[in-house]
Amino acid sequence: MRRDNVNDYLAFIAVAREQSFTKAAAQLGISQSALSYTIRTLEGKLGLRLLTRTTRSVSLTEAGERLLSAIGPRFDEIESEIAALSAMRDK
């Protein structure tokens, strides 16, 4: 995996978990349009639609559900380990 893709996957996880571009963009500190572009680009690279968007909702496609269940817990583990290392530094 290329390094620049990590942020794309983090953006996808945020949108998938929040089921909202507005909330995910606020959480990530970026604009909704930048987030939308990131997701469209990721879907283009994968050649799969990950999210179904309507004017009122965002939901995962089958491919999106599969990707979230595969990578979501791994990113959570990475964040937990980084927090644990940070706690070690503070001791």
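Biologist: Why are α1 and α4 called roughly perpendicular to each other?

Modeller: Happy to explain, bearing in mind that this is a predicted model. The axes of α1 and α4 cross at roughly 110° and come within 10 Å. Angles of 65 to 115 degrees count as roughly perpendicular, so α1 and α4 are described that way.

Biologist: Which residues meet where α1 and α4 are in contact?

Modeller: From α1 there are Val6, Tyr9, Leu10, Phe12, Ile13, Ala16 and Arg17. Their partners in α4 are Gly64, Leu67, Leu68, Ile71, Gly72, Pro73, Phe75 and Asp76. Sorted by kind, the residues of this contact are eleven nonpolar, two polar and two charged.

Biologist: What makes Asp8 count as buried?

Modeller: Asp8, which is found in helix α1, has 12% relative accessibility. Buried means under 20%, so Asp8 qualifies.

Biologist: How do you know that the side chains of Asp8 and Lys45 are joined by a polar contact?

Modeller: The contact between these side chains is 3.3 Å, and the cut-off is within 3.5 Å. Leaving out residues up to four places away in sequence, Asp8 touches Thr38 and Leu42 as well as Lys45.

How values were computed. Residues are numbered from 1 along each chain as its sequence is written. This is a predicted model: local features need pLDDT of at least 70, side-chain atom pairs count only at pLDDT 80 or more; totals for chains, interfaces and linings use all residues. Side-chain values use heavy atoms; hydrogens and water are left out. Axes are lines fitted to C-alpha atoms, for helices over the stretch in contact, and angles run from 0 to 180 degrees between N-to-C directions. Helices (H or I, at least four residues) and strands (E, at least two) are DSSP runs, numbered from the N terminus. Angles under 35 degrees count as roughly parallel, over 145 as roughly antiparallel, 65 to 115 as roughly perpendicular and the rest as oblique. Contact means heavy atoms within 4.5 Å. Ala, Val, Leu, Ile, Met, Phe, Trp, Tyr, Cys and Pro count as nonpolar, Asp, Glu, Lys and Arg as charged, and the others, Gly among them, as polar. Buried means under 20% relative accessible area, exposed over 50%, partly exposed in between (1.4 Å probe, protein chains only). A polar contact is a pair of N or O atoms within 3.5 Å; within protein, one must be able to donate a hydrogen and the other to accept it, and residues adjacent in sequence count only if both atoms are side-chain atoms.
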